[in-house]
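Hi everyone, thanks for making the time.

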Amino acid sequence: MRLPYLPLAALLLQPSLSAPSFTGEPDSTGKYWLFAEGITASFIPYGASISNLIITDKHGIDRDIVTGFDNASYYSIDPVHAHFGGVPGRYANRIKNSTFTLDNEEHHILPNEHPTPSHPAGVNTLHGGPNGWDYRNFTVVSYTQSSITFSLIDPDGSEGFPGEVISYITYTLSNNKTWDAKMVAIPTTKKTPIMLSSHTYWNLDGFANNETTTALNHTLWLPYSGQTVAVDSILIPTGDILPAPKGSVNDFWSSPKQIGEGFALPEIDGNCGGDCTGYDNCWLVNRPHPYDWRSEEKLVARLESNWSGIRLDIWSDQEAFQMYSCNGMNGSMPLKTTQGIFDDEENFPRTIPQYGCVVLEVQDWIDGINHPEWGRGSKQIFEPGGDPYVLQVRHRFSVDDA
Ligand SMILES: *[C@@H]1O[C@H](CO)[C@@H](O)[C@H](O)[C@H]1NC(C)=O
Ligand SMILES: *[C@@H]1O[C@H](CO)[C@@H](O)[C@H](O)[C@H]1NC(C)=O
Ligand SMILES: *[C@@H]1O[C@H](CO)[C@@H](O)[C@H](O)[C@H]1NC(C)=O
Ligand SMILES: *[C@@H]1O[C@H](CO)[C@@H](O)[C@H](O)[C@H]1NC(C)=O
Ligand SMILES: *[C@@H]1O[C@H](CO)[C@@H](O)[C@H](O)[C@H]1NC(C)=O
Ligand SMILES: *[C@@H]1O[C@H](CO)[C@@H](O)[C@H](O)[C@H]1NC(C)=O
Ligand SMILES: *[C@@H]1O[C@H](CO)[C@@H](O)[C@H](O)[C@H]1NC(C)=O
Ligand SMILES: *[C@@H]1O[C@H](CO)[C@@H](O)[C@H](O)[C@H]1NC(C)=O
């Protein structure tokens, strides 16, 4: 079994991070490590978050390719709360005016984004509210060498949502460098909206690329995503579905493309909301029904870095996909001691720069609860005794050593 790679300086700074093998307990930093051939990862109860993911790159060096912190306790202290690697819930992404209607009853939930003088808490809800699921410690209900299950009981009225919801989040590592996630959520008392996601930030070079500090040279392919959800200046869906014509800024379907390539087009300005340059967009995933989401050719997304040779392929049962190019990062978040370059602070600061990472989120059509005309009800509204909410996503890594 491979040890997670730690540069010497990291060992000196953080001797306890080298989790060598399965112990059945979290390590001294509060992380639960999982192991399979060619892949090692750690998870924490806070937000049921992924905290480290280690793959050996084409140079034979282990890279930790997700953002996070060095210890589980810092996640609840960090004032920024960038949703590093967690499960946003009970309703991921944005809800217009923090309002939705179920069976003719209007529900108002807690806002937490875009404060104004008249709405100091915000004018919309992002990722389930100010105490959404990824602000809470889940309970570990099962833990083996290659799998962990977290559970959360979200009480009736939490953040303003109706009814209790019980959820189980299971992460499994398997051979062929695969990380699977299965999320199940069950309403026990009232009808309620549910939409989850996995909010993982990627830098497939482990922030150790000595040619660039950003992830703009990562190549992205979204083979089934020729349409986007139109949004207003604060990223709230307008109801329109737009084409992403070949060659346009949001075209990642016609062929794989470096994320930075679209920055040459004027439409990149404002593409992620007012005063925002980059990506924070939702693409639809249009696979003709019925389909087997696990089949090779139904790939939802592929992200690849030529520098490390690490490629990530994503399959999912979800029918929308959000990509965020870390426009809001500004060098204030620290890298982990398992990441980055240690001996050239001037050119390679040990922080996450703007565009230094890419968030990939499988989910359903965003704010679908406020757009009944889209017909997403059966995927977003659940009631006791009915089908449970289920999200499945498979991440498979491979290394191109060419
Ligand atoms: C926990 O992690 C944070 C962020 O990475 C770091 O600032 C802090 O020093 C760490 N604390 C301990 C006790 O290692
Ligand atoms: C979550 O658990 C950590 C221990 O790993 C603890 O330090 C922290 O205070 C807890 N946070 C919350 C929000 O309960
Ligand atoms: C917006 O929210 C406010 C307060 O929560 C509510 O009074 C109003 O009806 C909502 N407007 C719409 C159009 O839903
Ligand atoms: C393992 O992954 C590679 C690359 O993603 C793929 O080509 C191959 O078919 C997979 N093998 C198995 C047994 O799934
Ligand atoms: C950049 O990193 C690669 C991969 O680790 C290494 O082979 C190369 O020597 C490095 N270049 C410089 C200038 O440090
Ligand atoms: C990296 O991205 C920049 C900007 O898009 C581009 O000019 C450059 O050619 C890319 N480098 C590589 C090695 O692909
Ligand atoms: C990938 O990087 C290698 C050097 O490691 C270079 O020879 C090759 O041309 C690059 N390929 C692409 C598609 O940029
Ligand atoms: C950088 O981002 C952090 C977190 O969003 C924010 O608190 C800080 O004010 C920003 N700094 C600058 C210089 O913009």
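This is a predicted model: local features need pLDDT of at least 70, side-chain atom pairs count only at pLDDT 80 or more; totals for chains, interfaces and linings use all residues.

Let's begin with the pocket. The largest pocket holds about 660 Å³ of space. Its lining is made up of 31 residues. If you want to find the middle of this pocket on your screen, look for Arg94, Glu113, Leu126, Asp280 and Tyr324, which lie nearest its centre.

The largest cavity has about 80 Å³ of space. Among the residues lining the largest cavity are Tyr46, Phe69 and Tyr75, along with Asp78, His81, His83 and Asp134. By class, that lining has 5 nonpolar, 4 polar and 2 charged residues.

The second largest cavity has a volume of about 50 Å³. Its lining includes Trp202, Ile314, Leu360, Glu361, Val362 and His395. S23 provides the largest share, with 3 residues. Sorted by class, the second largest cavity is lined by 5 nonpolar, 3 polar and 1 charged residues.

On to the ligands, starting with ligand 3. Which residues are around ligand 3? They are Asn97, Thr99, Glu106 and His108. Three of these side chains come up again when we look at oxygen atoms of ligand 3: a polar atom of Asn97 lies 2.5 Å from one, a side-chain N or O atom of Glu106 is 3.3 Å from one, and a polar side-chain atom of Thr99 lies 3.5 Å from one. Taken alone, ligand 3 exposes 360 Å², and the protein buries 37% of that. The shell around ligand 3 has no nonpolar residues, 3 polar and 1 charged.

Ligand 5 is our last stop. The residues around ligand 5 are His59, Arg63, Asn210 and Trp307. Here Asn210 places a polar side-chain atom 2.3 Å from an oxygen atom of the ligand. On its own, ligand 5 has 360 Å² of accessible area, of which the protein covers 36%. The shell around ligand 5 divides into 1 nonpolar, 2 polar and 1 charged residues.

That's my tour, and I'm happy to go back to any of these sites.

How values were computed:
Residues are numbered from 1 along each chain as its sequence is written. Chains are lettered from A and ligands numbered from 1 in the order in which they are written. Side-chain values use heavy atoms; hydrogens and water are left out. On a 1 Å grid over the protein atoms alone, a cavity is a set of points where a 1.4 Å probe fits but cannot get out, and a pocket is an open set with protein on both sides within 12 Å along at least five of seven lines; lining residues have an atom within 4 Å of a point. Grid points are joined across faces, edges and corners, and a volume is the space filled by probe spheres set on the points. A residue is near a molecule or strand if one of its heavy atoms lies within 4 Å of it. A polar contact is a pair of N or O atoms within 3.5 Å; within protein, one must be able to donate a hydrogen and the other to accept it, and residues adjacent in sequence count only if both atoms are side-chain atoms. Accessible areas come from the Shrake-Rupley method with a 1.4 Å probe; for residues, only the protein chains shown count as cover. Ala, Val, Leu, Ile, Met, Phe, Trp, Tyr, Cys and Pro count as nonpolar, Asp, Glu, Lys and Arg as charged, and the others, Gly among them, as polar. Helices (H or I, at least four residues) and strands (E, at least two) are DSSP runs, numbered from the N terminus.
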